Amino acid sequence: AVDGLLAAAIVLGRNFRVFVHWDLILAAVLLGTAFTVALGLLLGMLVDNAGTLGLWSGLFSIVLLFPPLLETVGTSKVPAWLVDLLAWLPSTALYRLIVQSMLGEVQAAVPWQDIPLLAGATLAVALLVVWRVRRMDR
């Protein structure tokens, strides 16, 4: 968690002129770091060895990085149902928060849609981690 926050602080420090809405970028950094840490803890508990962990981590990375990439290049040739489905992934919410933090005018619905989505996904993964830890203690 500290490494992620330190890396984010370095990136934000070097690009401080780019960001207009610091409340959004700080929310994105904190929630994104919390989600990543919770997901890493969950994967670490579910997997037995390092090779399998690398495989599953890579698969999750591809799944989570695909929607923001798709949103960047355009979704004109993608079915509407798939675009709607991908909009509910935490990485898409994180991407939209980061983009909105750089714009002069924020679309009012975006932060109120994406912050709860990212916080809810983080909470859900963290609850799975807690459940798994309690189950391991038995």
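Axes are lines fitted to C-alpha atoms, for helices over the stretch in contact, and the angles between their N-to-C directions run from 0 to 180 degrees. The model described here is predicted. Two packed helices are described by the angle between their axes and the distance between the axes.

**Helices α2 and α3**

- Helix α2 spans residues 22–46 and helix α3 spans residues 50–73; their axes come within 10 Å and cross at roughly 145°.
- This crossing of α2 and α3 is right-handed.
- On the α2 side, Phe35, Leu39, Leu43 and Gly44 take part, and they meet Leu53, Trp56, Ser57, Phe60 and Leu64 of α3.
- The contact of α2 with α3 comprises 7 nonpolar and 2 polar residues, with no charged residues.

**Helices α2 and α6**

- The axes of α2 and α6 come within 9 Å and cross at roughly 25°.
- Angles under 35 degrees count as roughly parallel, and therefore α2 is roughly parallel to α6.
- The crossing of α2 and α6 is left-handed.
- By class, 22 nonpolar, 2 polar and 1 charged residues form the contact of α2 with α6.

**The nonpolar core**

- The largest nonpolar core has 10 residues, among them Phe35, Leu39, Leu43, Leu64, Ala121 and Val125.
- Two or more residues of this core are given by each of α2 and α6, the latter covering 109–137.
- The largest share, 6 residues, comes from α2.
- Beyond its neighbours within four places in sequence, Phe35 is in contact with Leu64, Pro90, Ala121, Thr122 and Val125.

Technical notes
Residues numbered from 1 in each chain as written. Predicted model: local features only at pLDDT ≥ 70, side-chain atom pairs only at ≥ 80, totals over all residues. Heavy atoms only, no water. Helix = DSSP H or I, 4+ residues; strand = E, 2+ residues; numbered from the N terminus. Left-handed = near helix turned anticlockwise from the far one by under 90°. Contact = heavy atoms within 4.5 Å. Nonpolar A, V, L, I, M, F, W, Y, C, P; charged D, E, K, R; others polar. Core = buried A, V, L, I, M, F, W, Y, C linked by side-chain atoms within 4.5 Å. Buried < 20%, exposed > 50% of the residue type's maximum accessible area, 1.4 Å probe, protein only. Parallel < 35°, antiparallel > 145°, perpendicular 65-115°, else oblique.
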